[in-house]
Amino acid sequence: MGSIRYISKSSVQASTPNEAAAQRIELTPWDLQFLLVGPIQKGLLFYRPKPQEVQAGPSLIHHLKASLSRTLDHFPPLAGRFVAVEHGDDTTSFYIDCNNMGALFVHAIADGVSISDIIEPLYVPSILHSFFPLNGVKNIDSISEPVLGVQVTELVDGIFIGCTMNHTVCDGTSFWHFFNSWAEISCGSVNLSKSPVLERWFLEGSDFPIHIPNSQIKQIHEKFIPLPTQERVFHFTKENITKLKEKANAEADNKKISSLQALLAHLWLSVICLKHLNPNSEVHYMLLIGARRRLKSLPEEYFGTAVQAGTVTLKAGELVEQGLGNAAWEMNRMVASHTEEKLKEFLESWTRSPKLIMEGSLKKNALVTSSSPQFNIYGNDFGWGKPIAVRSGKANKSGGKITVYRGVEEGSIDIEACLSPETLEALGNDEEFMAAATSQGA
């Protein structure tokens with residue numbers, strides 16, 4: 001495959017900084033838990049603009065820079081930097097300084113690389129990771145590094161827009177809120193259809209800034225060497241997802257299991273069956289659960305991180321023997337247990353005793369799902385048509401990382417599975433699993 005050639009790197013500031021917005025934004029436990037891991041990296045693949053739309057090359061880059069600058073007017077944290085404050089009790093606190101130092105903007109060309117080179121191979125090609133900026137950066141590094149990095153990569157017949165955004169500043173909901181807003185402004189909108197709520201949400205009576213023990217922060221120096229992995233995208237049609245949902249609910253004798261829970265249970269069951277584990281080995285499935293719809297006082301437009309992890313743990317033998325319905329029902333019960341009261345208990349507990357998520361902290365025999373099929377991905381039109389594919393970067397990738405996206409067709413879902421090469425190959429050859437899936441690249 002071809003090679004990447006970097007044309008330019010520059011800083012893009014907000015065109016008219018929002019004077020009414022707070023200059024200093026405090027960080028919540030939801031935000032701070034991600035300090036030591038990598039950012040969110042998601043990007044969209046488009047056909048190359050036609051001459052009558054937006055000219056590719058310098059004029060396209062100028063257009064995207066200008067629209068990004070206007071978008072940052074509405075999202076001042078993304079043009080800011082972190083400030084770390086050391087305290088006398090061997091702790092450190094952090095906040096966002098909305099100082100408009102700017103976001104990183106990279107223009108690159110992937111020589112000899114076409115759209116087919118990205119979407120047709122069975123496995124996600126490694127060159128895709130070079131379509132994202134700020135590789136290797138951790139969230140805590142935004143003391144000096146940009147909170148947001150954008151890279152526009154020109155392909156032979158396409159354009160890839162990759163965004164790297166600090167996960168301490170935002171979650172997936174906020175990431176796509178920004179992306180959707182940038183597309184709107186790129187198409188000529190003056191006002192956003194959904195303005196972000198920038199004020200951070202704290203429990204009533206909370207003390208902030210939150211002091212984090214330096215012993216926790218120093219863990220960033222612990223080296224984590226991930227085992228070899230590969231990535232593959234599996235596509236599930238609405239019809240096949242409906243069949244899985246009906247089967248799961250029938251086996252569990254209820255109607256509460258969602259389409260996504262049934263699909264993820266199908267994947268979990270398939271992966272564990274292929275591993276041939278000791279029946280008494282514990283297996284885990286972790287989901288990032290959104291707080292916006294579970295806390296009455298938290299608006300949907302809240303811009304920040306508002307997720308916390310929930311885990312289902314079963315014995316491998318139990319998972320395999322009891323099948324799809326039980327696995328999906330256990331997921332449903334776990335998600336339902338994250339009530340407003342439980343979310344608030346997490347915030348109270350974390351404030352008293354901070355615990356930072358570490359790279360490599362994923363349990364053995366575990367899968368973890370991020371992103372959501374509810375995010376508006378294929379509505380992002382920058383002025384020359386909607387995207388044809390979504391892909392993620394290499395940040396936070398280790399064996400067991402499962403990323404879910406809304407598919408191109410209504411009601412469909414794409415799963416980007418990052419697993420060991422052996423497991424991923426076996427999964428693609430598993431007739432029962434593939435009966436519900438098609439592979440993007442098959």
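1. The chain has 11 helices and 17 strands; helices (H or I, at least four residues) and strands (E, at least two) are DSSP runs numbered from the N terminus. The radius of gyration is 22 Å, close to the 22 Å that the globule rule gives for 442 residues, so the chain is as compact as a globular protein of that length. That radius is taken over C-alpha atoms, and the rule is 2.2 Å times the number of residues to the power 0.38.

2. This is a predicted model, in which local features need pLDDT of at least 70 and side-chain atom pairs count only at pLDDT 80 or more, while totals for chains, interfaces and linings use all residues. Residues are numbered from 1 along each chain as its sequence is written, and side-chain values use heavy atoms, with hydrogens and water left out.

3. Along its principal axes the C-alpha trace spans about 60 × 60 × 40 Å. Of the 442 residues, 55% are buried (under 20% relative accessible area; exposed is over 50%, partly exposed in between; 1.4 Å probe, protein chains only). Among contacts (heavy atoms within 4.5 Å) with a separation of 6 or more, 80% are between residues 24 or more positions apart.

4. Helix 7 (residues 259-275) packs on helix 10 (residues 421-429) at about 115 degrees, with the axes 10 Å apart. Helix 7 is therefore roughly perpendicular to helix 10 (65 to 115 degrees; under 35 is roughly parallel, over 145 roughly antiparallel, the rest oblique). L267, S270, V271, L274 and K275 of helix 7 meet T423, A426 and L427 of helix 10. These residues divide into 5 nonpolar, 2 polar and 1 charged (Ala, Val, Leu, Ile, Met, Phe, Trp, Tyr, Cys and Pro count as nonpolar, Asp, Glu, Lys and Arg as charged, the others, Gly among them, as polar).

5. With helix 8 (residues 316-336), helix 7 makes an angle of about 150 degrees, and the axes are 9 Å apart. Axes are lines fitted to C-alpha atoms, for helices over the stretch in contact, and angles run from 0 to 180 degrees between N-to-C directions. The two helices are therefore roughly antiparallel. Residues in the contact include W268 and L269 of helix 7 and L324 and M331 of helix 8. The contact comprises 15 nonpolar, 4 polar and no charged residues.

6. P17 lies in the loop between strand 1 (3-12) and strand 2 (24-26). P17 is partly exposed, with a relative accessible area of 36%. Leaving aside neighbours within four places in sequence, P17 is in contact with D73 and N100.
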